[in-house]
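Biologist: Hey, could you walk me through this one? I'm new to it and would like to start with a sheet.

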Amino acid sequence: MPPSGAASAPNTPIARSPLQASATPSEESEPSPSPASPDERIDAGPGRPSTTPTEPDVAPTDAGSDHPSRPEPAPNTDEPEPSLEPEPMGPAPVEPEPNVPTPPAFTKQALIDEIGACSLALFDTFRGEAAALAEAASANAEAPSPDGQLVVQERWLSAMLVWQRAELFRFGPAAMTTDPGGRGLRDHIYAWNRNPPGNNRCRIEQAIAGQGYAEPGFADGLVVVRTLAALEFLTFYGGTDTACTAFDDIVAQGTWAALGEAELMARRADYAHVAATDVARRAEDLYRAWSPDGDDFLGTFTSPGNGTFVDEQSVLDAVGSAFFYLDKDVKDFKVGMPLALVPECPKASCPEAFESQYARASTLLLYENLNGFEELFAGCGGSADALGFDDWLVAVGGEDLALRMQAALDEAQRVVATLDPPLEDALLTDPSKVSAVHQAIKGVTDLLKTEFVTLLDLELPSSVATDND
Amino acid sequence: MLRAAWLRLVERARRPCDIAWLAAFRILYGLSMATSAERFIHNDWVDRLFVEPKFHFKYFGFHWVEPLEPRWMHALFWVLILLGLCVAAGFLFRWALGLFLLGFLYLQLVDVTTYLNHYYLATLLGALLWFSPAHRIWSVDAWLAPLIRTSVVATGFHDLFRFQLAIVYTFAALAKLSSDWLIHAQPLSIWLASRTDLPVLGATFSWPGVPLLMSWCGFLFDASIPWLLLYRRTRPAAYAVLILFHLLTSVLFPIGMFPWIMIGSALLFFPPDWPRRMLRAFGLDRVAEPMSLASSTGTAFGPLALAAALVYATVQLAVPLRFLAYDGDVRWHEQGMRFSWRVMVREKNGSVTFLVSSPSLGRHWQLSPSRYLTPLQEREMAGQPDLILQLAWHIRRDFLARGFGDVEVRVEALVSFNGRRLAPLVDPSVDLSRVPDGIGAAPWILPAPTTDPPRVKPIGKG
């Protein structure tokens, strides 16, 4: 079951989008018990069944299969989810599958090939989403209108949901330049780095006031005023106030105040166009970096024994490192920070630290992070034959761990999917629900950081390979 | 009878032997230490291990040791390279080696998470070398001051070096006397499972029984190699096996200079004149010839030196055995783990969360160690309770400094030990920020899991 309440309460005076209209019965952040509408359905791209906000919950564990607890492929149905009740947990009846050929023995190379193909497909999907976003932003910039802005909002959310899965695929060109094959491209697409987007709002507003976005060097400037993070603010925030203080030039010199509402809307639309075009270009760069028709990182990835990856294990070490996004970024920051589990939140809670401040889609984004994790862990094809790290665990004798990890992941997905109201509201009305999300994700990351890395002997590149004895 | 034994020992220790082995060892030691220091610079480890960490774990009693400024830390490694080369060349030998040891020791004291058995061994061998007259032949010192030249050295030095190496292998063998190693082939089979990519050999790791066979080979090697090297008839074959063994470990595991140090050091088991024989074999007869000038001071190893050597030997025997003073599995609670030659007998990975609470503010925090530690530090700390304790203290101080007042720090540390299911390492109900550090028993460390480790099936290369 998908999380509810996507974009439930944008703090914007613009007209409500179908997303918002379907998610909330009122303008303000009311709890949103209704399921997301079919309009919210997002195409997950090739190689994977459609992941939609109305997608049924993941399948219960399949203890009897060769593939431990693999989620069933989500049916690509147009029917809305009939019930908000979570699927019952526990083992599902195993359908006998006569005449099913025995799967070939697991090999690391096969897993690498699968992950490589998944990565390419995912980045291809994203570049399509980014192009559509840029197109919508362009149309709205030419003739700004509430309807045009709604389309941009929809395209932003659509792209963002794909990207949130891609956040888990941070190896190769998307990774930091210090990682194997890393080019740091991720930060040019989505520069959310454990800081709430509001932290950079003044910088964005400075760019609006000074039309810095129209300057030639904008695409090479600060990432915090570009990427999907800035686009969220530009697209979903419609207020005329500013986060800059009286000491900032645009306030002190009256530049901001001189902008009328219409001018502000036009500039935001222009800016969004520039930023979306940049994201689309970066998405294209990322795809081409992987593509055999471009820089062919896919070849480097799938043919270890080169200057980047010495062997198959080192490729999987890099992928294993990417799993840790769920621990540091998702558990500690996306959920832990709003819950005030870290001293940087000086209050009893910090709702302003949620990832999606303006679209208020933090729950959906979190859910897609878990889906991205699952694609790496259980395979991205969605079918029982899809190879994932769980198959590797089974191959080395860790069937039990594979089952427990899948069960923990299922539980985390269930807790997020059934979260009602969404994170932003739950933190204010019933923080224990947000704590349950944190705890459920910790259930996954505890296994990840202990038995998983031990059994597969994953050496994480970021842990700097020093001597041992 | 005791007196007779003592006299026999004194007699043996004083007996002169060819000094060539000692000079060769000095050269090899100096070169390997210079290489070790160079690797830190080359691999960017100076920054990553000593500069980047915001917090450093300290040895008990050495909390006052602080890292230098980054530029001086880098400079120190260049100085160590220079000093290592001076040791190899025998130039200002005692000054060079003394300063090298001070610098090297300092680096080890800066952060416990950088501890390696072979750094400890290098320190001990360097200390023994400092007391020896290793610069009195084939050195710049001897070239500049011919009066110090000698052809002989007391056998006591030779015995002491051999003893030190035998201790390493013997305790490494004793550490393998566990069902994990000898019955379940753990953690070796976990490591081999990830190395099936290795050309030629890698394919064999997925054969049934190979990890167990290799575990037993490792145990038997460690247990027997000092004795086989001591015995003249088995020595050549044993040394060949030793070279093969250490080359294999260097290919399989990231253990840096350790194999090379052991291969070079094991030459100590050959007769003292082995370097001369080798030089002659290469036609360098003139270099190989013993000097006509033989100084008697080179043989000095009196009763006082012998007594000091015996004290040293006793300490070297006692320190690795100190784990017997603690209940439980030393590989789990780690009390008595360091300085004990328990080389590569455990694989631990942990998920540690520091649960901080302020009774006065009524607030609770859950902190990841990554707030304070580098990934390497975090990984090392996760399996070592004394380091968890240190960070708990640090967090309490940090919160105090941030103005949160005095806090309590409890820890949820879930650890997988040699592939077992994760288990709590420390008692999560204990406020560790009030537990004093020390060498006494630590009741806040929970018992080790008693289940067998998993059977890991290495998979062949596709």
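**A sheet and an interface**

Modeller: Strand E5 (residues 408-417) of chain B pairs with E6(B) in the antiparallel sense, over two bridges. Two strands count as paired if DSSP finds at least two bridges between them, and strands (E, at least two residues) and helices (H or I, at least four) are DSSP runs numbered from the N terminus. This is a predicted model, where local features need pLDDT of at least 70, side-chain atom pairs count only at pLDDT 80 or more, and totals for chains, interfaces and linings use all residues. Residues are numbered from 1 along each chain as its sequence is written, chains are lettered from A and ligands numbered from 1 in the order written, and side-chain values use heavy atoms, leaving out hydrogens and water.

Biologist: Which residue is the bridge partner of Val415(B)?

Modeller: Ala423(B), in E6(B). Leu414(B) stands opposite Pro424(B) of E6(B).

Biologist: And what lies between the strands in that hairpin?

Modeller: Five residues separate E5(B) and E6(B), and Asn418(B) in this hairpin has a positive phi near 50°.

Biologist: What's the strand order in the whole sheet?

Modeller: E4-E3-E5-E6 in chain B, an open sheet of four strands with antiparallel pairing. Strands E4 (363-367) and E6 (423-424) of chain B each have a single partner strand, so one side of each is left without a neighbour in the sheet.

Biologist: How many bridges join E3(B) and E5(B)?

Modeller: 10, again in the antiparallel sense. Leu355(B), for one, stands opposite Arg410(B) in E5(B).

Biologist: Is E5(B) mostly covered or uncovered?

Modeller: Mostly covered: seven of its 10 residues are buried, meaning under 20% relative accessible area (1.4 Å probe, protein chains only), with exposed over 50% and partly exposed in between.

Biologist: New topic. How many residues are in contact between the chains?

Modeller: 56 of chain B with 46 of chain A, contact being heavy atoms within 4.5 Å. About 4200 Å² is buried between them, 51% of it from carbon and sulfur atoms; that is the accessible area (1.4 Å probe) the two parts lose on being put together, summed over both.

Biologist: How many salt bridges cross the interface?

Modeller: Seven by the rule, which wants a side-chain nitrogen of Lys or Arg within 4 Å of a carboxyl oxygen of Asp or Glu. One of them joins Asp400(A) and Arg421(B), with the closest N and O atoms 3.0 Å apart.

Biologist: Which element gives the largest share of chain B's side?

Modeller: E4(B), with five residues.
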